[in-house]
Amino acid sequence: MGSIGVLLVTPVLPYLEQELDKRYKLFRAWDYPETAQLLAQHATSIQAVVGNSGAGADAEMIEALPKLEIVSCFSVGVDKVDLEKCREKGIRVTNTPHVLTDDVADLAIGLMLTLLRRICECDRFVRSGKWKHGDYKLTTKFSGKTVGILGLGRIGQAIAKRAEGFNCSICYYSRTEKRNSKYKYYPSVVELASNCDVLVVACPLTEETHHIINREVINALGPKGFLINIGRGKHVDEPELVSALVEGRLAGAGLDVFENEPVVPEELFGLENVVIVPHIGSGTLETRTAMADLVLGNLEAHFLGKPLLTPLF
Amino acid sequence: MAEMCSAIDLDYNETGSKNKYFDSLTVPLSTSSMATGDQHNHKDNKEQLRPLLVFGPPTIFPVFEAQNFHNYRFLKAFSSQVPLRQFLTEQKVDPSSIQAIFCNPVQKVSADVIRLLPSLRIIVTSSTGTDHIDLVECSRHGIQVVSTAGDHAGDVADMAVGLLLDVMWKISAADLHVRKWGPSMPLNLSFGSKVLLILLLVQSMGALYIASFGFVFQLKGKRVGIVGLGKIGTAVAKRLEAFDCRIMYNSRNEKPFVSYPFYSNVVELAGNSDVLVLCCSLNEQTRHIINREVMLGLGKDGVIINVGRGALIDEKELVRCLMEAEIWGAGLDVFENEPKVPNELFALDNVVLSPHASSFTSDSFTESCKRSAEALEVFFSSNISSTPLLDD
């Protein structure tokens, strides 16, 4: 298989890069100052593309790779892949579901706790020596709050399970109501936002869910409400979110993702009612390794003519 | 007993105005008093109000006072340097008119105090603990002791889990890192290098983070050893079970009806755990229960979370173990000499520090105020307390 060309569009876990290099003829997009140059030289050698949440394969790239057979994503989100184009051309697409569910759910709760209990601020408070001059102020209790989940898929359900350990009530919005679910369903995001204390975004990014958190939803969540985003930056109308936080129309936000990563709106840096982390949602070693193995496993299965492990189609 | 008290620096002033704790609390009038208005004396004349002797004072007292000033004449014994008898004389208060005390662990309600007040029938403490009250003397005189703490165990358990997640995911470190590093693209790079850097960064925000901080260890399947399986330890266990952690514990005695594996000594518990969470009270047996032997037993991948008391850990040894990477990280809400915190910890990003804030939520303070007001209302209107004797 050493002659099969694989294009790696973005730096990933070293283990994955090394394995791809061992097994295939690996092209690294960042070795070429211009994508055009890469394509001009090697387009006809490339049979597979490996991307992640930050970069995938858009229509232009797909068109430019006549031998492309499979796009294997080192992520569960595939919003950077032109799925329609892939379907049109019969190109397989795989992602990494399940393995990162627990990590992302853990981080979601981690963001909720550090946000409501101001743990990051407390940490800075102690390190700055301010504790010598007085105690930190009262924070917001997390246990018993109502958690609203936008998207009750694998990740949403894992978040619900954890939040229940804190005696939280769970409600959700989903495209369709889940008949077997014990949680309260709301038929619209605005209604969900009106009826919860902490709203967490846990759905895939599609055309329908782009800016699903808009001004109306933010206002419904209100000055005592908190937003947690472990989905995609583009789920949220970011300028609206920023102004709501600055003006106190929203109590706070815990964010792992942003509309234009790595750009984070500067206005957030001065706020104590936000927790900002740089897209680390699947960042445990165990999970990243398992994700890498899925990418490798899917590619191997494809080129051996076997059933794919985790295909989208 | 001094160690049992929260070392809180109160910014309290005599006018009862809100201190900085309560910025987020609104101060509504006590609704229960309005409902039973006929039974209460709303005259402004202080002498007509029921006297309430205040020791401590409870951290919630400023809000409590603001909400209940028309119900009670507050006798602020905590602010006086003189003995209680003299204080009451100065206030022109007959000791036998005192039926109720409102207190917290900061100031003892001793046998002497109790004997001075022949009409004392109820002591309301805003804490869960009662070590500051002479319970034997109370029992002798038929005095009810009532705890009106909010959901203390829940708040403390939330903090414990929050600290653990923060330590494991380096949330505080990452948050600080992004705020400093965020949009500060190197402005003096040539355009070409900037483009390349942007390309790199755009694709690999997470990769850069991992390069800076290393990988996170997964919580799923981790063995969590809880030291002290009381209300707080149980609340911690319940929360971490939902993360698929494996719970085990050490306690003075094995608890019947508890399915978690029990270890009779902490060294053994540490040897079989990935995470230790300290939830026990501080006494002679538990002082420095976490020593070097325990920390070495926990091991280089181990994490310690302390929401109990600072002196449960040999702090000097903890610092040494962290600096020498004998343990992986720590989340600490309490310290041996609060508010002093060992400087060496400030340089470490695998440590999360909190200023003894595990039960300081506005929700619990509001609840505690409400319960305190209700306990006293019920007592004074019926002269017996309906809130049962507190359980430990």
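This is a predicted model: local features need pLDDT of at least 70, side-chain atom pairs count only at pLDDT 80 or more; totals for chains, interfaces and linings use all residues.
Between domain 1 of chain A and domain 2 of chain A, 2 residue pairs are in polar contact, with both residues of each pair at pLDDT 80 or more.

- Chain A is divided into domain 1, which covers 5-97 + 286-303, and domain 2, which covers 101-276.
- The C-alpha centres of these two domains of chain A lie 32 Å apart, and where the domains meet, 6 residues of domain 1 are in contact with 4 residues of domain 2.
- Together the two domains of chain A bury about 470 Å² between them, with 47% of that area on carbon and sulfur atoms; on the side of domain 1, Asp79(A), Pro97(A) and Thr287(A) supply 69% of the area buried against domain 2, more than any other three residues.
- The count of salt bridges between the two domains of chain A is 1.
- Asp79(A) forms a salt bridge with Arg232(A), in which the closest N and O atoms are 3.0 Å apart.

- In soluble globular proteins, nonpolar side chains tend to be buried together.
- The largest nonpolar core has 97 residues, and those with the most contacts inside it include Leu16(A), Val147(A), Ile230(A) and Leu240(B); helix 6 of chain B, residues 152-169, gives the most to this core, with 12 residues.
- Leaving aside residues up to four places away in sequence, Leu240(B) touches Val161(B), Leu164(B), Leu219(B), Val224(B), Cys245(B) and Ile247(B).
- Another core, of 37 residues, lies apart from the largest one, and among its members are Ala270(B), Leu282(B), Met295(B) and Val319(B).

Conventions:
Residues are numbered from 1 along each chain as its sequence is written. Chains are lettered from A and ligands numbered from 1 in the order in which they are written. Side-chain values use heavy atoms; hydrogens and water are left out. A nonpolar core is a set of buried Ala, Val, Leu, Ile, Met, Phe, Trp, Tyr and Cys residues joined through side-chain atoms within 4.5 Å. Buried means under 20% relative accessible area, exposed over 50%, partly exposed in between (1.4 Å probe, protein chains only). Helices (H or I, at least four residues) and strands (E, at least two) are DSSP runs, numbered from the N terminus. Contact means heavy atoms within 4.5 Å. Domain bounds come from an automatic or database domain assignment. Buried area is the accessible area (1.4 Å probe) that two parts lose on being put together, summed over both. A salt bridge is a side-chain nitrogen of Lys or Arg within 4 Å of a carboxyl oxygen of Asp or Glu. A polar contact is a pair of N or O atoms within 3.5 Å; within protein, one must be able to donate a hydrogen and the other to accept it, and residues adjacent in sequence count only if both atoms are side-chain atoms.
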